[in-house]
Amino acid sequence: MKQLRNTVIRAGLEALYFSGAHVLLRPIFAGVGAIFMLHHVRPRRDDAFQPNHHLEVEPDFLRAMLAHLRTLDVDIISMDEAHQRLAERNFSQRFACFTFDDGYRDNRDFALPVMREFDAPMTVYVASDFAEGSGRLWWIALERVVAAASAIEVALDGNMTRLDTSTAQAKQAAFDRMHDWLRSLPTEPDMQREISALCVRHGVDESTIARELCLSWDELKRFADDPLVAIGAHTITHCNLARQTEASVSFELATSRARIEAALQQPALHLAYPYGDKIAAGPREFALAKTFGFKTAVTTRPGMLFPESGDHLTALQRVSLNGNYQDERILPVLTSGTATAVWNGFRRIDAA
């Protein structure tokens, strides 16, 4: 199903490009700016099975987007500057921000050198448990479990089910099914219990993944000293906030910010909600982010920025730079706002 969805999205992006509709509709849907969302930036891997490939782009694709924005005379600015422009209704020049979720080491190793080429600021949202080395990146753990197995037995919805994982195609189908099942579990402990059991059965050490992939506090301190880099909060544990009690959400937001500020001796005034979709962040979370002093908070809901985005500073939409669609032809489609407008049913703001 997800492969079909990817095919449909790719076809839609190409249709907008070849029809030229994005050029005609740009004045209507481009808005005043955009916040681009990324996770990993690194050279492409050769593995046939890469279920999390949508979370990574190659340095050259990031470079192409930055170059494209320069040709459009778009200001590439920090989230602090974006907050100021939205709050002051300063829309004399279109702008773009680049945000990176989770705090991966490749943001330093591959993204920062590209950003330096364009003197472009970047905001990296850090989950503090990942920086501690104790966090659990369960989607990576699941990928490694499926990659290592030829078959997996798992109790899906209470029924023991045997999933074929003998080929790359079968692995992808099994990963998609288990990913959706894990995200549907009622609590974070339920999810962690199930993924930990899978890791034990299939010989995957999930405890080492954060230390392998994510910047430590010492690395983050040196990284954050770069004038182009700002560090934002991404909670403590990277949990689905909408499924937590209000007290738990408050603790995740306040403590994640406090840990970053203590470790880096810099303010952490910008937030990214983990997962960031409608089932992970909604009006309660938007209000709590404001209560705990965040200037902005970003979702994964697709969309451009419009003047009225200034009324929803803790529910900002973003444009994903998705690893499945690394075609330079789609860059003008993405920056035109046409693709996200179609996705949103032509609503400008999605903050409910």
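Angles under 35 degrees count as roughly parallel, over 145 as roughly antiparallel, 65 to 115 as roughly perpendicular and the rest as oblique. The angles themselves run from 0 to 180 degrees between N-to-C directions of axes, which are lines fitted to C-alpha atoms, for helices over the stretch in contact. Helices (H or I, at least four residues) and strands (E, at least two) are DSSP runs numbered from the N terminus.

The model is predicted: local features need pLDDT of at least 70 and side-chain atom pairs count only at pLDDT 80 or more, while totals for chains, interfaces and linings use all residues. Residues are numbered from 1 along each chain as its sequence is written, and side-chain values use heavy atoms, with hydrogens and water left out.

**Helix packing**

Helix α7 (residues 138-148) and helix α9 (residues 188-202) have axes that come within 10 Å and cross at roughly 30°. The two helices are therefore roughly parallel to each other. The residues in contact (heavy atoms within 4.5 Å) are Trp138, Ala141, Leu142 and Val145 on α7, and Met191, Ile195, Leu198, Cys199 and His202 on α9. By class, this contact holds eight nonpolar, one polar and no charged residues. In that classification Ala, Val, Leu, Ile, Met, Phe, Trp, Tyr, Cys and Pro are nonpolar, Asp, Glu, Lys and Arg are charged, and the others, Gly among them, are polar.

Between helix α11 (residues 217-224) and α12, the axes come within 9 Å and cross at roughly 70°. That angle makes α11 roughly perpendicular to α12. From α11, Trp217, Leu220, Lys221 and Ala224 meet Arg259, Ile260, Ala263 and Leu264 of α12. Six nonpolar, no polar and two charged residues make up the contact of α11 with α12.

Leucine 264 belongs to helix α12 (residues 246-264). Beyond its neighbours within four places in sequence, leucine 264 is in contact with Trp217, Leu220, Lys221, Ala224 and Ile231. Leucine 264 and tyrosine 17 are 247 residues apart in sequence and 43 Å apart in space, C-alpha to C-alpha.

**Nonpolar cores**

A nonpolar core is a set of buried Ala, Val, Leu, Ile, Met, Phe, Trp, Tyr and Cys residues joined through side-chain atoms within 4.5 Å. The largest such core has 63 residues, of which Phe98 and Ile231 touch the most other members. Helix α3 (residues 59-71) supplies the largest share of this core, six residues. A second, separate core of 35 residues includes Trp139, Leu185, Leu198 and Val204.

**Buried residues and backbone angles**

Buried means under 20% relative accessible area, exposed over 50%, and partly exposed in between (1.4 Å probe, protein chains only).

| Residue | Relative accessible area |
|---|---|
| Asparagine 344 | 7% |
| Leucine 264 | 4% |
| Threonine 235 | 0% |
| Tyrosine 275 | 16% |

Threonine 235, in the loop between β9 (229-233) and α12, has a positive phi of about 70° although it is not a glycine. Tyrosine 275 lies in the loop between β10 (270-272) and α13 (283-291), and its phi, near 65°, is likewise positive in a residue other than glycine. Asparagine 344 is placed in the segment after α15 (338-343). Residues up to four places away in sequence aside, asparagine 344 touches Pro302, Gly303, Gln317 and Asp350.
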